[in-house]
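Have the sequence and the coordinates open as you read.

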Amino acid sequence: LKIFSENSMELWKLKSLEKMTLVFSTLISRVIMGLSMIIALFSLTIALALWLGELMGKLYFGFLVVSLLYALIAFVLYLLHKKIRNKVNNSLINLMLN
């Protein structure tokens with residue numbers, strides 16, 4: 001009985017370690033992908049603002065339009081933040097339970 005309980009505890013520890021490493025490796029890889037996407041988005045934003053500014057005759061108009069676009073996106077995300085939070089929570093729970 002003692003050996004069985006020790007082996008069961010060891011198995012539980014190993015399964016927990018496996019789940020934790022899976023969660024952390026997934027989070028780290030997603031953070032790296034997210035940072036790469038942010039850098040690309042930042043570059044595209046500057047290019048779009050410069051292009052729009054050139055079309056409108058003043059560079060600051062392009063940056064103003066792009067800023068207003070981001071403000072609109074931020075407002076929409078604010079309205080949807082509960083749904084987004086729930087999806088992220090469910091995703092993390094599924095990752096930990098599988």
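Contact here means heavy atoms within 4.5 Å. Helices are DSSP runs of H or I, at least four residues, numbered from the N terminus. Keep in mind that this is a predicted model, where local features need pLDDT of at least 70 and side-chain atom pairs count only at pLDDT 80 or more, while totals for chains, interfaces and linings use all residues. Residues are numbered from 1 along each chain as its sequence is written, and side-chain values use heavy atoms, with hydrogens and water left out.

Start with H1. This helix has 55 residues and reaches 79 Å from its first C-alpha to its last, close to the 81 Å expected at 1.5 Å a residue; the expected span is 1.5 Å times one less than the number of residues. Just after H1, Gly57 takes a positive phi of about 95°.

Which residues of H1 are buried? They are Val23, Thr26, Thr45, Ala49, Leu52 and Gly53, where buried means under 20% relative accessible area, exposed over 50% and partly exposed in between, using a 1.4 Å probe and protein chains only. H2 and helix H3 (81-97) are among what covers them.

Now for the packing. Axes are lines fitted to C-alpha atoms, for helices over the stretch in contact, and angles run from 0 to 180 degrees between N-to-C directions. H1 and H2 pack at about 130°, with axes 6 Å apart. That makes H1 oblique to H2: angles under 35 degrees count as roughly parallel, over 145 as roughly antiparallel, 65 to 115 as roughly perpendicular, and the rest as oblique. On the H1 side the contact includes Leu41, Thr45 and Leu48, and on the H2 side it includes Val66 and Tyr70.

Turn to H3 and you'll find H1 packing against it at about 140°, with the axes 8 Å apart. H1 is therefore oblique to H3 as well. Here Lys19, Leu22, Val23, Thr26, Leu27 and Arg30 of H1 meet Ser91, Leu92, Leu95, Met96 and Leu97 of H3.

Zoom in on Thr45, which sits in H1 (residues 2-56). Is this residue buried or exposed? Thr45 is buried, because its relative accessible area is 16%. Leaving aside neighbours within four places in sequence, Thr45 touches Val66 and Tyr70. Its side chain also makes a polar contact of 2.4 Å with that of Tyr70; such a contact is a pair of N or O atoms within 3.5 Å, and within protein one must be able to donate a hydrogen and the other to accept it, with residues adjacent in sequence counting only if both atoms are side-chain atoms.

Methods:
Helix = DSSP H or I, 4+ residues; strand = E, 2+ residues; numbered from the N terminus.
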